[in-house]
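Please examine the sequence and the three-dimensional structure shown below. The paragraphs that follow lead through them step by step.

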Amino acid sequence: MPELNLTSAPAHLRHGSSIGQPLTRRDGVLKVKGQATYAADNHPPGMLFAVMAVSSIARGRVTSLDVAAAKGHPGVVDVMTPDHKPELAIDPEIKTNPFVFRMEVLQSDEVRYANQPIAVVIAETLEAATEGAALLAPRYEVLPALVGLDAGESFVPPVVGVGNPTENHLGDVEAGLAAAEKQIDAIYETPPQYHNAMEPHAIVAAWDGDRLQIDMPTQGLMLSLARVAELFGIAHDKIHIRSPFLGGGFGSKGLMSGPPTLGIMAAKLVGRPVKLVLRREQMYGPVGHRAPTRQRLRIGADGEGRLTALDHHARTVSSTFDDFYEPAADASHTLYAAPAIRTAHDAVRVNTGTPLFMRAPGEATGSIALESAIDEMAWACGIDPLAFRLKNYAEVEPITGKPFSSKALRACYEQGAARFGWSKRSLQPRQMRDDAGLLVGWGMGTATFPALMFQAEARAVLRRDGSGAMEIGAHDMGQGAWTALAQIAADELGLDIDRVEFKAGSSDLPDAGIAGGSAHTATAGAAIHSAGAAVIAKLADFATTDERSPLFGAGNAGVIARDGRLIRRDDESRGESYVEILARAGVAEVEARGTGAPNPAAMEEYAMHAHGAVFAEVKVDPELGQIRVTRMVGAFAAGRIVNPHLVKSQLFGGMIWGMSFALHEEAITDRRSGRIMNANLGEYHIPVNADVPPLDVITVEEHDPHVNALGIKGVGEIGITGSAGAVANAVWHATGVRVRRFPIKIEELLTQR
Amino acid sequence: MKQFDYVRPATVAEAVAAAAQPGAVYLAAGTNLLDLMKGGVSRPDRLVDVTHLGGLDQIETLADGSLRIGALVSNADLAHDANFAKSYPAVAEALLSGASAQLRNAATVGGNLLQRTRCAYFYDTASRCNKREAGSGCDAREGENRTHAVLGWSESCIATHPSDFCVPLVALDAVVEIEGKTGRREIALEELHRLPGNTPERDSALEAGDLIVAVRLPPAARGFATHARYLKVRERTSYAFAVVSAAAALRIENGKVAEARLALGGVAAKPWRARAAEDVLKGVAPTADAFQEAAWRALTDAKPSGDNAYKIELARRIVVRALTLAAAGTPARIPALPASPFASTSGAIHA
């Protein structure tokens, strides 16, 4: 096994102290004061307001729109319809690459899901545009809507997630099940969920001839830019997208969707800047969601509690017109050392917007089912759930047999269990009560998420005044990229963070890839790392080749960049400041670019995942069935932690999402109309502050030399996994009632007292 | 948004005159109305803003011992009025269990009484709803209805009234003072909200132009102060409407229930006074058996209107628990999680 140590002995080291520091977010004050400019805060001169009219039916055709009535409303400037719109350069139905999803931009009168845009009203005021949209009073030819997991004939999709095989096999599952002493065969259901970012999707689009200025929250500046260029037939360099802040994205702002495209079309139609902001209920359709699943798990274990087989099948849905399949069963590939594993998916098509990536797509849905089933098996074997997991601990990635690049899961189990007090748990359910007589239950789940890397580029600059700059078109969705990436930049440039001008959130900067897959800090960080190394190398060249420099001749020994100075590695008393070096060289600044990318050789050798263990306590009213989470502890090993403060916040957020998955979130779809009946934050329940208990996060030390140069695995999504199952398992432990349909509802627990 | 007239009358009489025309509605805090307007559910021609009318924001004790609450008193101000909370603790607890802190700061007493149902089909203008549009049909009846009514519903409408505040008020025989075209009149709060029957489009007994100016609690309502609770089961700890709630108030003398008051929320188109259950408790010791019997009597006429049979059993259990809590005595301070089954375990000691 070759040791692929990517950080071994570079010629020049940079040394700083920013990485690892719990800095508060640098944009915090701006946000608290309301001075952070989000997309919809922009008001270019002459701007008009656009409001989408959306379909009330889920399937059929728009037969009429009262455009005259809308246009007759005072303040309405124009009404964009399939018959009256700027032409696009390409058919939006054409998928030009795997990251292009079909969108509804008035290309026809067909309706394929409820809340699909069917017209856009453009007016002098938001109120006029809103009323204009209401006055369109659409009429429809209605076809029966396809709704739910049994909507039609199922089929096996060619791939799930992003190009994952639909089925995976290891060993002989049926033989493993047949040989098992204990078997579990259980079906779990998860509902459709919607991202519900606080900030709705919004765009301010302004054309200036063939140049296009866009303000829009996006998790993928360059992917969005490329799609806009393609749709409107203009060169990349004619488009500028600004996205300095996102009020949450969670996957729904990753790829260009229909509504912002309509905003750009509207601006083109009227020849003035246009703002288009989605209403909350309009976010339940054209901008993606997490598809529902029905998962069947069959698990076998021998008399010692060792797994003999793990069979995980997931049914999900996609839209009638495009393909995205929640890869829920893939959650069973990596965690438990079963000698036989089979994972498979099938799907039906329904009248819904195309499901998409939503924070831990596949991992979240699969995790709650897998962790519930493992808990059921532990109980069937009469073994403590943690002991059962340790008994089936995967020393290599089960599905591939590859070694892990690093895996501190054992430490996560140990530290989390110790902090939680797990050893005092009763094996039997419904044994624990608090002083008030409430049922108390303790549950756990294992967390996992792949450590991914995408492609990114960064540009580093060192200036004669002793300052530096790092430029990268990175995205801050609220996770803290402005801070964490600037910390990396400061270290890579060997400067104090306040001496580094960190630029991000704009498409005229180097491509930072996409803020998704929990890979943004790793990917952008790797680009910053290599850009920093490159610019320090150039600076070092000036010094080590100039005989007037105290560093002359240090080319072989190498230098260390620290506090704005280069210092000889072998003699720290000899050094020179950046200012002196650049002044002597007679240049105003020195710049270099660097890239971050996955390492195919390392990926071939190793399985790369972050891991964690989540422990939850719930209390349940024994008569009334109301559930409350009272305590959660999560211990996570995710490689290098750039900013512990921000990382804890990310993990808290993920754990709250997990708890929400188990107990709250569900888009309620009318089974006849296919309309979502709770498309608002009053009725689509997510936890409120009063629901969130004290949360405890432990970041477990983990050194990973293989994942990337900085050893970062990412923490954006892992917090959901494990957490949802931990809460569900705690509910079982409290009540003795195993609920397999999520979210867990009060009525499920009224069956016994 | 549809254009509308906005008028701000100077007196109650002017307000009543301005609101008497078809298409006019009163605007107080607007915590419900403005949402309805933005959603196209309500499209009034005229808003009559009553928030500047004088004299409607007072809480006063009358000579006979009644308490008169002006219609413009905010939910938060009322709940946090120390004397009010001490005398009518179940009402204060109900107020604090409703909506969110921000909404309670804005919402008014009069507006709370007249808030519309939270039935999703009422809010969804693409669905048929007899309450929103008379005679159009009810899509909730065969739809997603696990939170709908189990008492007093009809084939025309299975919606519930969402108020927490009204539940203990009805239990305590609150009276509503109304200013209308023919002058002032008053009716029992229990008579204000209507069951749907064949005319679910009419929520209340109010006529065009009628303005609620005050809510009055009679002198006897104070008699329950030491044994009064509100209990609310909901799907998250705050900012959620009741799946089922109950207000229970007892007057206990010599170890026996001298008088009981019981009302349920979230089960019908009106706050549901359970008089038969009250009768069961009169004169008996406050025991678990008695409370069970009362719970069965309270739900005798209940029947599911859809996927909500569980609400009947849940309501029985809530009645038993609310009576048990009331019998145990009103806590010295309102719990940190008002009306929650978890009130005693939150770690914090008061609201």
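Predicted model: local features only at pLDDT ≥ 70, side-chain atom pairs only at ≥ 80, totals over all residues.

How many salt bridges does the rule find across the interface of chain B and chain A? A salt bridge is a side-chain nitrogen of Lys or Arg within 4 Å of a carboxyl oxygen of Asp or Glu, and the rule finds seven of them across this interface. One salt bridge joins the side chains of Arg321(B) and Asp621(A), at 2.6 Å from N to O.

Residues are numbered from 1 along each chain as its sequence is written, chains are lettered from A and ligands numbered from 1 in the order in which they are written, and side-chain values use heavy atoms, with hydrogens and water left out.

Consider next the extent of the interface between the chains. Contact, defined as heavy atoms within 4.5 Å, involves 43 residues of chain B and 42 residues of chain A. The size of an interface is often given as the accessible area lost when the parts come together. Buried area is this accessible area (1.4 Å probe), summed over both parts; for chain B and chain A the value is about 3600 Å², with 51% of it on carbon and sulfur atoms. Arg236(B), Arg317(B) and Phe342(B) supply 22% of the area that chain B buries against chain A, more than any other three residues.

Polar contacts also link the chains. A polar contact is a pair of N or O atoms within 3.5 Å; within protein, one must be able to donate a hydrogen and the other to accept it, and residues adjacent in sequence count only if both atoms are side-chain atoms. Between chain B and chain A, 21 residue pairs are in polar contact, both residues being at pLDDT 80 or more. Helices (H or I, at least four residues) and strands (E, at least two) are DSSP runs, numbered from the N terminus. The elements of chain B that give two or more residues to the side touching chain A are helix H8 (120–123), strand E9 (228–233) and helix H13 (310–328). Of these, H13(B) gives the most, with six residues.

Thr237(B) counts as buried because its relative accessibility is 7%, and buried means under 20% relative accessible area (1.4 Å probe, protein chains only). The side chain of Thr237(B) makes a polar contact with the side chain of Asp691(A) at 2.5 Å. Leaving aside residues up to four places away in sequence, Thr237(B) touches Arg628(A), Ala690(A), Asp691(A) and Leu337(B).

Attention now turns to the inside of chain A. By an automatic or database domain assignment, chain A is divided into domain 1 (13–36 + 455–597) and domain 2 (362–452 + 604–749). Their C-alpha centres lie 37 Å apart. The two domains bury about 1500 Å² between them, 65% of it on carbon and sulfur atoms. The count between these domains is zero salt bridges, whereas six residue pairs are in polar contact there, both at pLDDT 80 or more.

Finally, one backbone feature of chain A may be located. The peptide bond from Phe742(A) to Pro743(A) is cis, with omega near 0°, and Pro743(A) is found in the segment after helix H15 (723–735) of chain A.

Key:
Buried < 20%, exposed > 50% of the residue type's maximum accessible area, 1.4 Å probe, protein only.
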